[in-house]
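Dear colleague,

My notes on what was found in it follow below.

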Amino acid sequence: MTFSLNLSFSDLLLLLPEIFVTCWLCVVLIVDFSFSRVPKERLAYLSVAGLVVTLGCLAWFDMNHVSGTLFGNMFVLDRMAIFFKIVILGATILVILASIEYVNRFTLFRGEYYCLVVMSALGMMFMVSANDLLSVFVSIEFATLGFYVLVSYLRDDLASNEGGLKFFILGVLAAGLLAYGISLVYGETGKLVFSDMASAQPTPGLVIGFLLIFAALGFKVGAVPFHSWIPDTYHGAPTPVTTFLSIAPKAAAFAILLRIFLVALGTFKPLWVVLLVAVSILSMTYANIVAIAQRNIKRLLAYSGIAQVGNVLIGLAAGTKMGNDAILFYLLAYLFANIGAFAVVIAVSQAIGTDEISDYRGLSRRSPFLAFAMLLFLLSLAGVPPLAGFIGKLYIFVAAIKEGLYTLIVVGLVNIVISMYYYLIVVKQMYINEPINPSPIAISGPMKTVIYVGLAGTLVIGIYPQPFTDWVVSATLMFANFIGPSVTVAPPVHSLGG
Amino acid sequence: MGEYALLYILFAPFAGALALIFISNRQPLLVRSVAASAALVSLLASLYLFYAYDPVKGGFQFVQKYAWSKQLGISLHLGVDGIGTPLVLASSILLFAGIFVSWHIKDRAKEFYIWLLILAAATIGVFMSLDLFFLYFFYEMSVIPMYLLLGMWGSHTKKYLEMTDSEGLKLRDSVGFILNFGSNSKEYAAMKLVLFLSAFAVAALMGILLIYKFSGLNTFDILVLREQANLMNIPVLGTTLDKIIWVLVFFGFASIAPLWPLHSWSPVGHAAAPAATSMLHAGVLMKLGHFSIIRVAFEILPETTRELMPIAAVLCMFSIVYGGFVAFYAKDTKYVIGYSSSSHMGYVFLGMAALNYISLSGAVIYMFAHAMATGMLFAMAGWVYDQTHTRDIPSLGGLSNKMPFISVCFVVGCMASIGMPGTVNFIAEIMIIVGSWDKYPLQVIVAMLGIVLTLAYLFKMMRGLFYGPMNQKYSHAHDAISAVDRLPLLIMISISIGFGIFPMHLYDVVRSGVDPLVARITRVVPVAQTHEGSGVRSEVIIPGTTSTVPVVASKLLPLPSQVSRGEGE
């Protein structure tokens, strides 16, 4: 395989967002080192400025339908990649804004924090554009590298170190699985690019290879049974990092999963549907039941995140264009609700210094705004109308029922009820219980912005989803070529009740 | 306004809630007046709707349709027929009355009114939804405000406050807490309500999703589905699909009604709720169940309804008798009224189960009548509780000296609840009993027994609260004197008695909604029942034919009156 690098200017245009973010990363680093007098929060605003410019560039791409592939199909910029890049950059911007106050408490390396966040975002931007197994491996490791450092950023905090170590060890294990899986797949097919594999035969080696790749990606999204690092890591990591970790890597890994399952493995749908149904049921049920017993809000949100991933996997198991749309829509709804909920957690822990759910007692008296925002975010996560999460869940269920995944939908619906319980326990603490210390809680300006953005997203998507559904439907148009009734070799194995 | 009446009714409370967010709690009068004016707009618009609804034309009127999601086939499709119209009116009356009943709330009044308005708007939304998605949307939306209203402004039962727990209050947040059915706290009641309703709501959602898939029409629109969906005779799991869907939808929605084995959340919820919430809860929230069954199961699966509705006829007996006896032995005012409500909802199920024009019309009128009667009782129980801070009947007594106005209203409320002639409840009850006699004589006898029971427990409560020796501890209690306090009771009493004496328009409106439905289900044309020959008079449209033909009635009929199929224009 010869690899010739003949890039024209128009090819470079496709890479423009990544190139710009890379340059901006260097700028932020240089400013950090050269002007040590500069207050570190200026660095945060500087990073945000660069990311906003990139976001604008991506929006322009999206409007003008810029698309193409680079480096012999290793890098693809299609509308789905643009969608995910916008989601990831949006999450990064909100996370940086939510971190400012938190980072000011750090004694060391405050400037590097922002660089590491942007670096991880850059890695994830490559992840969502990865179109072959090699670039998947490289970009995943690139993105995770930043997170290893970020998770253990609180050097004096044992929980943070423990979380970081767990994350690192299991992350390296996942990397090993991924590399092994890739080598098996390459050995069996001789191909690396997803779209070339569409005609492969399901040999045992290939199946094992893809199972290993799925396990590695399952680790990234945090699906049961690959979830064991999540609660401790989420709990130990600095809360803004937890926020970032709970959204962006999941979205990026789902982009890869979509490409692998629908493009590379489109012909094996009857095989992988069973796998995804099992993982989805396990994720939702396990996480929702364990979440009931949580006493710490970060752990609660960690388990709730696992359960949400189970919901997203329903859409993936549907394996249709509509399932894809639903996944993208759900991730959008999840982004706003989850960032918002974590932003409230950060704001509260800034003021009262703990993350225990029992310390949320009487939050509605101490800060009606924070309590109301948290209420809406949690209800959106639970899937209560008229919030974004409800439409997301319904979209996924509709996509799944069209494919006849009845068992999965029943489990999903039962899990809505289970999850309602633990979300409402937090609501009970905030609204029904009286505060022990009724002093009001102050919220910083950037934090308020983040919460307002979260609220706006949660409510607007919930009340008027049409523009967003239009967006996700057009973002996955290219999948219409890969998945259709003609591609499915075997008839669907799922009959009613099966 | 005219054709946009539904939008005013639905969105005025939402707009009021939105406006309240920006008003400070330090201006209590402004908060209350904004809430009251939002409710007033809604009330006036629904009065207009009620009288502007044309029963001769029938069908769905004031229809509004806005595309909402093309991909999912959802549109905001609003419209009322003869069944929805009186229920919309009842909701807005109770909302308006509820705002005045809770006029004296001090703690976080703004938040209270926000959630009350959202609760009422959501229930109103269900009554006018012609789209399965929005029906579920509003239905589920009404649950969360209940949680907060119960939790934040509700009250524990006496037993709970006296309960000593060796582990302190820690158990309240655990799994054991929710499974501990001996608990009487308001948190328990609120959580139980939400979990029960959500659990059954998702069953109904499963039914809705199955309708969506197997109709193959990619739409949630009820009017399209009822004309075109063919869900019959699809064999599944040893039975047919339509039966599975029907059972899911029926029991999913019957839980809020609350039908007998699914009722246990309801009295607990009533007992914990503040007065205005109990009023809305018993007055209209429960009717969401019957209404949604009528709208989804009756409209979309008429044949299955005819086949399976005897289930309701069996269960309604247990509802009536069980609720009645528990109410008789209950010591807590709100438990009495709560169980009496769930007992009375059995009558509605009986009327629905008999599936003829008279009984189903009776059921719909009963929903309206019960909303007024139970609204009054809860408002007064709330007043007594506010004055005495107890709901324990044995410790109360002789309050008629202190509150003559309330005790007179209470007598009227009891009369209405029993179904005395002169109140609209009487008309409804007599229609249910007469209409059901042919088909379910046993159930009618049980219902008669239920009326006797109602008499017994309401009189027992009345005696316990207002007559007999007075407990001097409550000598500071005073009557409802100001106009604000009297207004809600007077509104509900006048509506109850007004429609009891002049029921014609209400009857015509309800018949215009019920007739096409029953015609669809039974395929039999009604006996002419309208007073003086006026009222319902339109044609039957047989699906598949373009011309309207008079349907050949059964042989007994000398004069076939005709019914409309309820086409929404």
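The contact between the two chains draws on 44 residues from chain A and 45 residues from chain B. Please keep in mind throughout that this is a predicted model. The area buried between chain A and chain B comes to about 4,100 Å², and carbon and sulfur atoms account for 75% of that area.

As for polar links, 12 residue pairs are found in polar contact across the interface of chain A and chain B, counting pairs with both residues at pLDDT 80 or more. The count of salt bridges between chain A and chain B is one, and in it the side chain of A:Arg365 meets that of B:Asp107 at 3.0 Å, N to O.

On the side of chain A that touches chain B, at least two residues each are supplied by α14 (363-366), α15 (368-382), α16 (388-402), α17 (406-432), α18 (445-463) and α19 (466-475) of chain A. The largest share of that side, 14 residues, is given by α17(A). Sorted by class, the side of chain A that touches chain B holds 32 nonpolar, seven polar and five charged residues.

I also looked at one residue of chain B, B:Val247, which lies in helix α11 (residues 241-254) of that chain. B:Val247 counts as partly exposed because its relative accessibility is 34%, a value between the 20% and 50% cut-offs. Apart from neighbours within four places in sequence, B:Val247 is in contact with B:Gly252 and B:Leu308. B:Thr304 lies 57 residues from B:Val247 in sequence, and the C-alpha to C-alpha distance between them is 9.6 Å.

With best wishes

Note on methods: Residues numbered from 1 in each chain as written. Chains lettered and ligands numbered in written order. Predicted model: local features only at pLDDT ≥ 70, side-chain atom pairs only at ≥ 80, totals over all residues. Heavy atoms only, no water. Helix = DSSP H or I, 4+ residues; strand = E, 2+ residues; numbered from the N terminus. Buried < 20%, exposed > 50% of the residue type's maximum accessible area, 1.4 Å probe, protein only. Contact = heavy atoms within 4.5 Å. Buried area = accessible area lost by both parts, 1.4 Å probe. Salt bridge = Lys/Arg side-chain N within 4 Å of Asp/Glu carboxyl O. Polar contact = N/O pair within 3.5 Å; in protein donor to acceptor, adjacent residues only side chain to side chain. Nonpolar A, V, L, I, M, F, W, Y, C, P; charged D, E, K, R; others polar.
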